[in-house]
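This report goes through selected local features of the structure shown below.

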Amino acid sequence: MSLNIPALDLSCEVEQIWEELETAVLEVLRSTKYVLGPTVSEFEKQMAEYLGVKHAVGVNSGTDALVIGLRSLGVGSGDEVITSPFTFVATAEAVKLIGATPVFVDIEPDTFNLDIAGIASKINSKTKAIVPVHLYGQAADMDPIVDLAAQHNLKVLEDAAQAMGGTYKGKKLGAIGDAGAFSFYPSKNLGAYGDGGMLVTNDDETAACARMLRDHGSQSKYHNVMLGYNSRLDAIQAAILKTKLPHLDGWNQMRKKAAERYNQLLAGIETVATPVQKNYAGHVYHQYTIRLPAGSRDRIQQDMNRAGIATVVYYPVPVHKLPMFEKESTNLPNTEQASGCVLSLPIWPQITPEQQQAVACALSESLARIE
């Protein structure tokens, strides 16, 4: 009998808070204020308080948060930005879009986040910023990154797209560097029901620049002082996010419990490497990503799909191997190895122990057939 376990099921949260969502959205519809406006301002204030920062600037997407974040920090044409090759393409894409050059550093094989020694080796006179990625919901090791940046007068923009609510040594991710970029894509721990993003910072000038850039570079209506973007957060999405934010910590705790269950279920399978939990990181398990034996991943994914279990590969092609980054291509063995063996198992806050048991059984059976 085929199962039906998706990689992500958003219907549970929608049903849980349906009345709250309905009220919030209808209030915006009745207000007739649909772009920016008071709902967005209220959500920005709520987010700034949650993260412990001075400023939160709502934008159209996580990608725009990165683009606007880099420009607001003074990064531009001819500059180099050190970042990860093992992430969604938007991280490096944002660097390219503002005329700068991404410089890729290999990852730590256990956390999939930037290797600190590699960062130090790539800093030169053209380096302007470091963009660490908190991949899968686990923090990059921020103290040495911030220290390196201070030594070399560099900016740090945290790509926290997958890590809303995550922490590093008790500090909220996105609030540690000079600025932090968030995505509210529907699959994220705090997801809109459409696109959305946010840049957060403690620096007044960075925030002021970001607010101008998101609205066609305008200081006030029809007074445009720089080339900007049409990147204003939609008020309906802000209303949805404002409704969901008070539930976030509870949902993240449920994700952690789900990860613990997976750890227990998979503990006896020697060929599966489960996610590492660093003592400095409050992992929020945007993804529960395992490592499989070399050469087995694709067959195992096919087996599980036939059993009715959806899994996802984040990411099958490292960013430095994509055609648009060929000039920046380099030898990054940990990244290339990871792209061939990672598999993300189904996870969401309300996933049931029975569903997880079925996932673990299917995985074990598939591995047994390969062995």
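Asp110 and Lys278 form a salt bridge, with 3.1 Å between the closest N and O atoms. The pair links distant parts of the chain, 168 residues apart. Asp110 sits in the loop between β3 (101-104) and α6 (116-122). Lys278 sits in the loop between α10 (248-266) and β12 (281-282). The model is predicted.

Both partners are partly exposed. Asp110 has a relative accessible area of 31%. For Lys278 the value is 25%.

The whole structure holds 12 salt bridges. One of them joins the side chains of Glu13 and Lys244, at 2.5 Å from N to O. Glu13 belongs to helix α1 (residues 11-16), and Lys244 to helix α9 (residues 235-244). The two residues are 231 residues apart, so the pair links distant parts of the chain.

Are these two partners buried or exposed? Glu13 has a relative accessible area of 7%, so Glu13 counts as buried. Lys244 is buried too, because its relative accessible area is 1%. The cut-off for buried is under 20%.

Asp303 pairs with Arg369 in a salt bridge, the closest N and O atoms being 3.5 Å apart. Asp303 lies in helix α11 (residues 297-306), while Arg369 lies in helix α13 (residues 353-370). The two are 66 residues apart, and the pair links distant parts of the chain. Asp303 is buried, at 9% relative accessible area. Salt bridges with shared partners join Asp303, Arg306 and Arg369 into one network.

The axes of α11 and α13 are 9 Å apart, at an angle of about 130°.

## The α4 and α8 crossing

Helix α4 (residues 62-72) packs against helix α8 (residues 204-213), their axes coming within 9 Å. The axes cross at roughly 130°. The arrangement of α4 relative to α8 is thus oblique. α4 passes α8 in a right-handed crossing.

Which peptide bond is cis? The bond from Tyr314 to Tyr315 is, with omega near 20°. Tyr315 is placed in the loop between α11 and α12 (333-341).

Two non-glycine residues with positive phi deserve a look. Leu36 has a phi of about 55°. Leu36 lies in the loop between α2 and α3, and counts as buried at 15% relative accessibility. Tyr222 has a phi of about 70°. Its place is the loop between β10 (218-220) and β11 (223-224). Tyr222 is exposed, with a relative accessible area of 70%.

## A nonpolar surface patch

Leu26, Leu29, Tyr34 and Val35 make a nonpolar surface patch of about 330 Å². Tyr34 is found in the loop between α2 (18-31) and α3 (37-51). Tyr34 is partly exposed, at 36% relative accessible area. Patch residues need over 30%, so Tyr34 qualifies on accessibility at 36%. The loop between α2 and α3 also holds Leu36, which is buried.

Note on methods: Residues numbered from 1 in each chain as written. Predicted model: local features only at pLDDT ≥ 70, side-chain atom pairs only at ≥ 80, totals over all residues. Heavy atoms only, no water. Patch = residues over 30% accessible without salt bridge, like charges linked within 9 Å, V, L, I, M, F, W, Y side chains within 5 Å. Areas by Shrake-Rupley, 256 points an atom, 1.4 Å probe, with all protein chains shown as cover. Salt bridge = Lys/Arg side-chain N within 4 Å of Asp/Glu carboxyl O. Helix = DSSP H or I, 4+ residues; strand = E, 2+ residues; numbered from the N terminus. Buried < 20%, exposed > 50% of the residue type's maximum accessible area, 1.4 Å probe, protein only. Axes fitted to C-alpha atoms, helices over the stretch in contact; angles between N-to-C directions. Parallel < 35°, antiparallel > 145°, perpendicular 65-115°, else oblique. Left-handed = near helix turned anticlockwise from the far one by under 90°.
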